Amino acid sequence: MNNDQLGVVYLVGAGPGDPELLTVKGQKLLSKCHALVYDALVPKEILQLVNDECRCIFVGKRRGHHSTPQLKTNALLLELVKEYEIVVRLKGGDPFIFGRGGEEASYLKQNGISVQVVPGITSGIAAPAYFGIPLTHRLASSSITFVTGHEGIDKRRPSVNWEALVQAGNTLVIYMGVHNLSYIVSKLLLAGSPPHTPAAVIQQATVIGQRCLKTKLDKLVEDVDSYKFISPSIVIIGESIDFQVEECAPPPAAVTMPVDF
Ligand SMILES: C[S@@+](CC[C@H](N)C(=O)[O-])C[C@H]1O[C@@H](n2cnc3c(N)ncnc32)[C@H](O)[C@@H]1O
């Protein structure tokens, strides 16, 4: 088979959890794909959108469980696209935000495979929006930084420069931060963040169990511990949290998603 006869891999963002927040394009692809490779943060209601003949493969990474190594996932996608015309690689949120979508796309392109990316609503935007927290506000914040709270040791770029982030004065949106929170908060305080900077943590946004805690930076670790916030959670730090529109109560969630992955 030459490459012209090979299928296409669609890297699709599933959104933050609620299936109604999946894009129309993503939904159409799910209904017609021949093979689906999906992650831990995709609720079963979204998986049910595929047709009966679709081959579905889980490659999720969950805390405390064995995960599929990234190289194996890359190889699996390559193998599938030789066999199936439409392969969907479904990832929680947006595939290119802390989702290794870039790595998978590069690997496939290097192997002569066509790749198309279908963006998804990233949790760092969906979670605060659901709870009425604006990430920018004319009176409080003109910029946002999406940052990982969990850095890989095999990274090429230097680790997160928390000092620079404090100096920039952005709203910080921290992914994968709850397990590393005391380190992150200590770095921020050391770098000069005022202890009373507003902070919020949102767990399981848009799905059953969603909840939001508002506090201050110097109380964040203690509060997250006492209220037992776990993954998946988004942590937000910045003055714009004070402009929360409390009346924007999140719509009741109807679907569940695996937690503490
Ligand atoms: C590996 S990253 C994947 C991010 C994903 N690609 C995105 O765009 O949302 C996983 C992290 O995303 C965040 N996350 C994903 N879904 C979430 C949700 N529904 N509520 C809160 N945080 C979520 C958590 O910080 C979690 O640890």
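The shell around the ligand divides into 12 nonpolar, 10 polar and 2 charged residues; here Ala, Val, Leu, Ile, Met, Phe, Trp, Tyr, Cys and Pro count as nonpolar, Asp, Glu, Lys and Arg as charged, and the others, Gly among them, as polar. Keep in mind that this is a predicted model: local features need pLDDT of at least 70, side-chain atom pairs count only at pLDDT 80 or more, and totals for chains, interfaces and linings use all residues. Numbering starts from 1 along each chain as its sequence is written.

In total, 24 residues surround the ligand, with Gly-93, Gly-99, Thr-122, Ser-123 and Ala-205 the closest (near means a C-beta atom, placed from the backbone, within 6 Å). Helix H5 and strand E10 are the elements that give two or more residues to this shell. Helices (H or I, at least four residues) and strands (E, at least two) are DSSP runs, numbered from the N terminus.

Five strands form an open sheet in the order E6-E7-E10-E8-E9, with mixed pairing; two strands pair if DSSP finds at least two bridges between them. Strands E6 (144–148) and E9 (211–216) stand at the edges with a single partner strand each, so one side of each has no neighbour in the sheet. E8 (residues 198–203) and E10 run antiparallel, joined by 5 bridges, and Ala-200 has Ile-236 in E10 as its bridge partner.
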